[in-house]
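Open the model in your viewer and have the selection tool ready. We will go stop by stop.

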Amino acid sequence: ALSEARLRQNPSDLEALYFLGAAEGLDAAFAAGVERRFMAALRSGSRSVDRHREVLKRAPDYRDAELTIGLYNYIVGSLPLAVKIVAGTMGFKGSKKRGLETLERVAKEGKWAKDVARVLLVDLYKREKRWNDAAKIATELSIRYPRNYLFKLQIADALSEQIEHTRDKRIATSSISAEQQRVFDIFEELLRDRISSAAGAADVIHYRYGETLLAAGQNERALKEFLVVARRSSEAGLASIARLRAAHALDLAGKRREALAEYRAVLTAPDIYNSHDQAKRGLREPYKLK
């Protein structure tokens, strides 16, 4: 509304045009990520891209306007082939490679959107299995914003995913490598930090720590982290998922009777991300890692 009001007064107001496109881009992200309305997200995203292309037409060096264009290109370029074909017939076209290159340019040369581009690149690099690049940018952001615990979580995520994808799955071992211990140390540091452990952040950290431990084969330690969240979190959805993962950890630890009790408890909690279906499956057969 503020951007549109300024544009009515001055149609040449580039800053207002940029932020109008940015707002529409945020609307697209919400439609896709929260409401799961993908076609609506494409339409909002397309409007956002059109605004920012107009900004660049008038001011080619306005790097911030390239952020939405780069993200749009990456998302459309990442669609499954069948969906991409349908989207193409409706005029939605994109390229993952071009999208990444555009976001990298904004991360280097942008003004308002410089760090936003870096935040996006952390997740996109992880999707592309570029874990070192993801950890490097997350580390830079963590240093720049030391009060934001999410960047430390991103470092841990990138490093743990790299370990999981590069270790030899043929060798069964319960020992902890130096790289895994480094990841565990990040979580322990976050849990000791008063800022990151306040206002509900601790529950998220405990949950993510549990997921990392479970992936590393540390089932008993993972169970403790999940139970902390399940028993104390005020967020019903997070508590429900944590209880489900606690049941999984119990199954992996060979404690079937205790796991069954947790699966039954999940069925009395809110159904989050198909948690009820997963709990019913767990009641039928023990959980196994893929």
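Start with a term. A pocket is defined on a 1 Å grid over the protein atoms alone: it is an open set of points where a 1.4 Å probe fits, with protein on both sides within 12 Å along at least five of seven lines. Its lining residues have an atom within 4 Å of a point. Grid points are joined across faces, edges and corners, and a volume is the space filled by probe spheres set on the points. Rolling a probe the size of a water molecule over the atoms shows where empty space is left.

This is a predicted model: local features need pLDDT of at least 70, side-chain atom pairs count only at pLDDT 80 or more, and totals for chains, interfaces and linings use all residues. Residues are numbered from 1 along each chain as its sequence is written, and side-chain values use heavy atoms, with hydrogens and water left out.

**Stop 1: the second largest pocket**

Select Gly 25, Ala 29, Leu 71, Tyr 72 and Ile 75. The second largest pocket holds about 930 Å³ of space. Of its 32 lining residues, Gly 25, Ala 29, Leu 71, Tyr 72 and Ile 75 are the closest to its centre.

Now colour the helices. A helix here is a DSSP run of H or I with at least four residues, a strand is a run of E with at least two, and both are numbered from the N terminus. Which helices each supply at least two residues of this lining? They are helix 2 (14-33), helix 3 (38-58), helix 4 (66-78) and helix 7 (114-127).

Next, colour the lining by class. Ala, Val, Leu, Ile, Met, Phe, Trp, Tyr, Cys and Pro count as nonpolar; Asp, Glu, Lys and Arg count as charged; the others, Gly among them, count as polar. The lining has 24 nonpolar, five polar and three charged residues.

**Stop 2: the whole protein**

Zoom out. The protein has 15 helices and zero strands. Its C-alpha atoms fill a box of roughly 70 × 40 × 35 Å along the principal axes.

The accessible surface comes to about 16,500 Å², and 54% of it belongs to carbon and sulfur atoms. Such areas come from the Shrake-Rupley method with a 1.4 Å probe; for residues, only the protein chains shown count as cover.

A residue is buried under 20% relative accessible area, exposed over 50%, and partly exposed in between (1.4 Å probe, protein chains only). Of the 290 residues, 44% count as buried.

**Stop 3: the largest nonpolar core**

A nonpolar core is a set of buried Ala, Val, Leu, Ile, Met, Phe, Trp, Tyr and Cys residues joined through side-chain atoms within 4.5 Å. Select Tyr 62, Leu 121 and Phe 187. Of the 69 residues in the largest core, these three touch the most other members. Helix 9 (residues 149-166) gives the most to this core, with eight residues.

Stay on Tyr 62. Contact means heavy atoms within 4.5 Å. Beyond its neighbours within four places in sequence, Tyr 62 is in contact with Leu 14, Glu 15, Tyr 18, Val 55, Leu 56 and Trp 112.

**Stop 4**

Select Leu 20, in helix 2. Leu 20 counts as buried because its relative accessibility is 8%. Leu 2 is 18 residues away along the chain, yet the two C-alpha atoms are separated by 8.4 Å. Contacts of Leu 20 beyond four places in sequence are Ser 3, Glu 4, Leu 7 and Arg 51.

Move to Ala 41, in helix 3. Is Ala 41 buried or exposed? Ala 41 is buried, at 10% relative accessible area. Leaving aside neighbours within four places, Ala 41 is in contact with Ala 28, Ala 31 and Ala 32.

Go to Gly 110, in the loop between helix 6 (96-109) and helix 7. Gly 110 is buried, at 13%. Asp 64 lies 46 residues away along the chain, with 5.1 Å between the C-alpha atoms.

Then pick His 248, in helix 13 (residues 236-252). His 248 is buried, at 3%.

**Stop 5: an exposed loop pair**

Finish in the loop between helix 14 (256-267) and helix 15 (275-284), at Tyr 273. Tyr 273 is exposed, at 70% relative accessible area. Its phi is near 50°, a positive value in a residue other than glycine. Asn 274 is in the loop between helix 14 and helix 15. Asn 274 is exposed, at 51%, and its phi is near 60°.
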